[in-house]
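Biologist: I would like to learn how to read a structure one feature at a time. Please give me the general idea, then the case in hand.

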Amino acid sequence: MADLKGLCAGLPLNPLPPPRPERDPNIPHAPVRNPCLLHDQKKLALQNALRYFPHHLHTTLLGEFARELNEFGHIYMYRFIPSIDLRAYPIQEYPAKCTQAAAIMHMMMNNLDHRVAQFPHELVTYGGNGQVLSNWAQVSGSA
């Protein structure tokens with residue numbers, strides 16, 4: 001996913017991008033959430049996260065998503081942070097069927113720019129709790 005066309009093509013599933021062993025220390029990160037979820041609530045959160053992926057990938061992703069939920073209090077799906085530089089590209093460069101769709105992608109990419117976003121890897125734009133999307137799977141699915 002090294003260009004806008006790749007980003008807009010959807011989630012990279014074959015092959016999956018490699019897991020990220022840790023958060024990038026050079027990027028500011030959102031504070032760890034402490035949701036105090038019960039076992040059934042954690043199970044539901046994991047089921048909701050896995051719904052973006054074909055069943056055959058659930059075993060591969062389940063442990064990673066559970067670790068994110070336990071460690072950060074949220075499932076960000078860091079593995080799916082695009083390798084493309086997240087910034088606002090000229091609107092004509094977006095592979096969209098109409099200008100309105102390209103404009104939405106343009107706004108999302110601007111808000112995810114590490115020079116603009118407060119906590120870019122947690123999709124928080126500014127103000128501490130304004131997320132562009134909930135997780136990185138939604139970025140590839142929306143763009």
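## Reading the features

Modeller: Start with an aromatic cluster, which here is formed by Tyr-52, Phe-53, Phe-65 and Phe-80. Keep in mind that this is a predicted model.

Biologist: How many aromatic pairs are there?

Modeller: The count is six aromatic pairs. Take Tyr-52 and Phe-53: their ring centres are 6.4 Å apart and their planes stand at 70°, so this pair is edge-to-face.

Biologist: Let us step back to the whole chain. Which secondary structure does the chain have?

Modeller: The chain has five helices and zero strands. Read from the N terminus, the order of elements is α-α-α-α-α.

Biologist: What does the radius of gyration say about the chain?

Modeller: A compact globule of 143 residues would have a value near 15 Å; the chain has 15 Å, so the two agree. Along the principal axes, the C-alpha atoms fill a box of roughly 45 × 35 × 25 Å. Of the 143 residues, 39% count as buried.

Biologist: Now the backbone. What should I expect of phi and of peptide bonds?

Modeller: Most residues other than glycine have a negative phi, and most peptide bonds are trans.

Biologist: Why does Met-77 count as buried?

Modeller: Met-77 counts as buried because its relative accessible area is 0%, and under 20% is the cut-off. Leu-123 has 0% relative accessibility and is therefore buried as well.

Biologist: Next, the cysteines. What is a disulfide, and how many does the structure hold?

Modeller: A disulfide is a covalent bond between the sulfur atoms of two cysteines. The structure holds zero disulfides. Cys-98 is in none; its nearest cysteine sulfur, that of Cys-8, is 12 Å away. The cut-off for a disulfide is 2.5 Å between the sulfur atoms.

Biologist: Is Cys-98 buried or partly exposed?

Modeller: Cys-98 counts as partly exposed, at 37% relative accessibility. Cys-36 has a relative accessible area of 60% and is exposed, since the cut-off for exposed is over 50%.

Biologist: Pockets and cavities next. A pocket is open, whereas a probe in a cavity cannot get out. How much space lies in the largest pocket?

Modeller: The largest pocket holds about 160 Å³ of space. Its lining consists of Ala-45, Asn-48, Ala-49, Arg-51, Tyr-52, Leu-69, His-74, Ile-75, Ser-134, Asn-135 and Gln-138.

Biologist: Which element gives the most to the lining of the largest pocket?

Modeller: That is α2, with three residues. By class, the lining has five nonpolar, five polar and one charged residues.

Biologist: How many cavities of 30 Å³ or more are there?

Modeller: A search of the whole structure finds one. The largest cavity has about 30 Å³ of space. Arg-20, Glu-22, Arg-23, Asp-24, Tyr-78, Ile-81 and His-121 line it. By class these are two nonpolar, one polar and four charged residues.

Biologist: Ile-81 is in that lining. How far is the C-alpha atom of Ile-81 from that of Asp-3?

Modeller: The two C-alpha atoms are separated by 13 Å, while the residues are 78 apart along the chain. Asp-3 is placed in the segment before α1. With a relative accessible area of 40%, Asp-3 is partly exposed.

Conventions:
Residues numbered from 1 in each chain as written. Predicted model: local features only at pLDDT ≥ 70, side-chain atom pairs only at ≥ 80, totals over all residues. Heavy atoms only, no water. Buried < 20%, exposed > 50% of the residue type's maximum accessible area, 1.4 Å probe, protein only. Phe/Tyr/Trp six-rings, centres within 6.5 Å; stacked < 30°, edge-to-face > 60°. 1 Å grid on protein atoms, 1.4 Å probe; cavity = no way out; pocket = protein on both sides within 12 Å on 5 of 7 lines; lining within 4 Å. Points joined across faces, edges and corners; volume = space filled by probe spheres on them. Nonpolar A, V, L, I, M, F, W, Y, C, P; charged D, E, K, R; others polar. Helix = DSSP H or I, 4+ residues; strand = E, 2+ residues; numbered from the N terminus. Rg over C-alpha atoms; globule rule 2.2 N^0.38 Å.
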